Amino acid sequence: MTTPSELSPAEAADRLAIRELFDAYAHCADRRDSEGQKALFTEDTRFVVYMAGEGSEPTYALDGREALTPVFADLRQYEATTHFNGQSTITLDGDKATGESYTLAHHLFTVDGERKIMIASLRYLDTFVKIDGAWYFAERNLIVDWTDSRTSTP
Amino acid sequence: MTTPSELSPAEAADRLAIRELFDAYAHCADRRDSEGQKALFTEDTRFVVYMAGEGSEPTYALDGREALTPVFADLRQYEATTHFNGQSTITLDGDKATGESYTLAHHLFTVDGERKIMIASLRYLDTFVKIDGAWYFAERNLIVDWTDSRTSTP
Amino acid sequence: MTTPSELSPAEAADRLAIRELFDAYAHCADRRDSEGQKALFTEDTRFVVYMAGEGSEPTYALDGREALTPVFADLRQYEATTHFNGQSTITLDGDKATGESYTLAHHLFTVDGERKIMIASLRYLDTFVKIDGAWYFAERNLIVDWTDSRTSTP
């Protein structure tokens, strides 16, 4: 790994802002703030979901921030979700950036009086863009590496 | 998200120290270093636990660093714990800071010869304070979003 | 926790590079890039595995980067792995560094037509070294705190 000898205060600010964007997505999802969640995306964003893993055909693709409304509203079906964020590796290129970010998304719900948990192991392959000094998701490719569902007891 | 154009070396140091505080809490918990864990808190700290999630009545509140002793000693009942830390979103305001931090706390124990695992999905809503150049927990609000318990096989 | 009042751009670059090294290990493991994974280590690296937890006898120790080949190739037996990285606490000392890093390593595989998941809760106690401006693993001590295996339904 080549390492620049200094991380400039400007680059450090960009890296922090992009990490906060990733984490704000989780916060808004888990707190059901779908308007806040949409505001993290550019107006002409593209959101592509690969339910069968990387390299598979996209399950669906959404164009434009407004098209995200039903996706985020869909989270309301769960009693609780926890979008637990792990590593996020970012490559900066001026006002653009790309990255791979890991999330374990936990979903709790009830079927026939029985509590269930579904864990989705996600990797987001993102493109970010900086507009007027703020970073946004320009494109999110959501890779579902695997899911695991079972009955859950508190 | 508004993004400052530069992250100053002073702010970067504060952010690193607060992240290390969060991670030291996990390290001390998992290594059963209850004295080290207590030392992360201000003397007049407040620790409030919400077992029934955010917005519920507090299950209990502890005032002062010494009141934490039984809480941390309680971890000794487990054969192993892993306080796995995810995202931590911090807002700095001079010598104070607030933040939301995610932890998946894994607890292993044995009942009637059967190994059990209990996973608690936690969010810490913290207030931090900087005293004589070091950061401490001034207040921790521990939100238990959900727990999941089951038999476990190695 | 003593806190330096400033994090220099040079130290920030070192910390970022070491975090990226930790995350690159996970990326290479999960994408089955064993050559890329080996390149993260010094030529004379030492890799020691403690399957029975910290303080136990080493299960095995490997000397030299080339000795890692079978370990990383071994990951190919799994249908999917997710090396989910949490906190990483680093102490810098010039061109050397040490640290403790948490990983929840998820392994999916099939036995007699039944999908299984094995989760290993790992802590890496690492020594890092900077050579010609790039950081490498000089020594990895892999502590397996616990594992948890069960049948898994998507």
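Three salt bridges link chain C and chain A, where a salt bridge is a side-chain nitrogen of Lys or Arg within 4 Å of a carboxyl oxygen of Asp or Glu. One pair to look for is A:Asp148 and C:Arg150, which form a salt bridge with their closest N and O atoms 2.8 Å apart.

Before going on, a word about the model. It is predicted, with local features needing pLDDT of at least 70 and side-chain atom pairs counting only at pLDDT 80 or more, while totals for chains, interfaces and linings use all residues. Residues are numbered from 1 along each chain as its sequence is written, chains are lettered from A and ligands numbered from 1 in the order in which they are written, and side-chain values use heavy atoms, with hydrogens and water left out.

Back to chains C and A. In total, 32 residues of chain C are in contact with 29 residues of chain A, contact meaning heavy atoms within 4.5 Å. The two chains bury about 2400 Å² between them, 54% of it on carbon and sulfur atoms; buried area is the accessible area (1.4 Å probe) that two parts lose on being put together, summed over both. C:Pro9, C:Arg31 and C:Phe84 supply 22% of the area that chain C buries against chain A, more than any other three residues.

Now turn to chain B, which also meets chain A. Here the contact takes 28 residues from chain B and 32 residues from chain A. The area buried between them is about 2300 Å², and carbon and sulfur atoms give 54% of it. The count of salt bridges between chain B and chain A is three, and one example joins the side chains of A:Glu20 and B:Arg15 at 3.9 Å, N to O. The rule finds 13 residue pairs in polar contact across this interface, both at pLDDT 80 or more. Which elements of chain B give two or more residues to the side that touches chain A? They are helix 1 (9-30), strand 3 (80-93), strand 4, strand 5 and strand 6 (134-151) of chain B. Helices (H or I, at least four residues) and strands (E, at least two) are DSSP runs, numbered from the N terminus. Strand 3 of chain B gives the most to this side, with seven residues. Sorted by class, the side of chain B that touches chain A has eight nonpolar, 11 polar and nine charged residues. In this sorting, Ala, Val, Leu, Ile, Met, Phe, Trp, Tyr, Cys and Pro count as nonpolar, Asp, Glu, Lys and Arg as charged, and the others, Gly among them, as polar.

Let us follow chain A on its own. Chain A has three helices and six strands, and from the N terminus on they run α-α-β-β-α-β-β-β-β. Its C-alpha trace spans about 55 × 35 × 30 Å along its principal axes. Of the 154 residues of chain A, 55% count as buried, where buried means under 20% relative accessible area, exposed over 50%, and partly exposed in between (1.4 Å probe, protein chains only). Among contacts in chain A between residues at least 6 apart in sequence, 55% join residues at least 24 apart.

Is A:Ile119 buried or exposed? A:Ile119 is buried, because its relative accessible area is 12%. Leaving out residues up to four places away in sequence, A:Ile119 touches A:Leu104, A:Ala105, A:His106, A:Trp146, A:Thr147 and A:Asp148. A:Ile119 and A:Ser149 are 30 residues apart in sequence, yet 6.3 Å apart in space, C-alpha to C-alpha.

Finally, have a look at two backbone angles. Most residues other than glycine have a negative phi. A:Arg32 is not a glycine, yet its phi is positive, about 60 degrees. A:Arg32 sits in the loop between helix 1 (9-30) and helix 2 (34-38) of chain A. B:Asp112 also has a positive value, with phi near 50 degrees. B:Asp112 is found in the loop between strand 4 (96-111) and strand 5 (114-131) of chain B, and B:Asp112 is exposed, with a relative accessible area of 81%.

Terms used. A polar contact is a pair of N or O atoms within 3.5 Å; within protein, one must be able to donate a hydrogen and the other to accept it, and residues adjacent in sequence count only if both atoms are side-chain atoms.
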